[in-house]
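Reader: Walk me through this fold, please. Keep it brisk.

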Amino acid sequence: MRRAMASGGMLAGLAALALLPFGLGLAAPGTPGDVIAWLSALCERQGAAGPIVLVAAQTLIAASGVLPASLLGIAAGTLLGLGAGFATAAAGTMAGALLSFWIGRGLLRGRRPGFLAGGRWVAALDRTVAAEGWRLVCLMRLSPVMPFAPTSYALSLSSVRLADYLLGTLAALPALLAYVMLGALGRTALAGEAEWLRGAVLVLGVGATVLLVRKLKRLAGRLASERP
């Protein structure tokens with residue numbers, strides 16, 4: 001009975017994530033920027049409860065990938081300033097990552113014990129990913145070519161430990177901080193002086209992508225040598 005209720009809850013969560021783009025489209029049709037403007041106005045109308053709404057929105061966005069999380073980071077900085085804005089955006093991002101991991105591992109991998117059982121090579125790949133742990137997760141989070149939500153679900157299907165997953169996901173926060181800073185500086189008419197933040201985020205992401213590609217090539221070579 002409890003297992004059925006848990007499965008029903010996870011299915012409801014997946015349905016909510018799937019319907020989120022349509023809900024946002026109905027409530028605030030237009031470009032992603034229009035959605036963010038609508039969400040910002042909604043949070044402002046909530047007064048003291050505005051940050052809670054922002055955390056909930058960031059959680060759903062991080063778990064569904066329906067919008068770039070950077071846009072909501074800018075909105076958080078604009079609405080709340082640097083300190084409170086970053087705390088709010090970071091809490092939502094980490095909660096969204098945890099929600100994705102819980103859905104992927106509990107609903108997919110958990111319900112199908114042999115989900116990744118595709119032979120010795122797949123098992124070896126899974127062991128390698130788990131052994132790399134937080135280091136591989138960190139590079140994935142830093143790389144701009146690895147979309148946040150799909151990466152979360154892919155990692156949830158592997159044997160990577162939750163502690164390594166969360167530790168590596170912290171690497172997504174520096175880029176988020178940069179976007180929150182852009183929003184906060186924009187509120188004080190200093191956005192033009194913050195363009196170096198975009199460059200810093202880009203350089204960091206490119207460097208992480210290069211390291212990720214090199215690591216994946218080494219892993220592929222190691223796995224190829226182990227194949228019969």
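**Fold and helix packing**

Author: Residues 24 or more positions apart account for 78% of the protein's contacts (heavy atoms within 4.5 Å) with a separation of 6 or more. This is a predicted model: local features need pLDDT of at least 70, side-chain atom pairs count only at pLDDT 80 or more, and totals for chains, interfaces and linings use all residues. Residues are numbered from 1 along each chain as its sequence is written, and side-chain values use heavy atoms, without hydrogens and water.

Reader: How many helices and strands does the secondary structure come to?

Author: Helices (H or I, at least four residues) and strands (E, at least two) are DSSP runs, numbered from the N terminus. The count is eleven helices and zero strands.

Reader: Are H3 and H8 roughly parallel or roughly perpendicular?

Author: The axes, lines fitted to C-alpha atoms over the stretch in contact, come within 6 Å for H3 (residues 50–64) and H8 (residues 148–156). They cross at roughly 65°, with angles run from 0 to 180 degrees between N-to-C directions. Angles of 65 to 115 degrees count as roughly perpendicular. H3 and H8 are therefore roughly perpendicular.

Reader: Which residues of H3 and H8 meet?

Author: H3 brings Ala62, Ala63 and Ser64. From H8 come Phe148, Ala149 and Tyr153.

Reader: How far apart are the axes of H7 and H9?

Author: H7 covers residues 134–142 and H9 residues 162–169. They pack at an angle of about 35°. Their axes are 7 Å apart.

Reader: What share of the residues is buried?

Author: Buried means under 20% relative accessible area, with a 1.4 Å probe and protein chains only. Of the 228 residues, the buried share is 37%.

Terms used
Angles under 35 degrees count as roughly parallel, over 145 as roughly antiparallel, 65 to 115 as roughly perpendicular and the rest as oblique. Buried means under 20% relative accessible area, exposed over 50%, partly exposed in between (1.4 Å probe, protein chains only).
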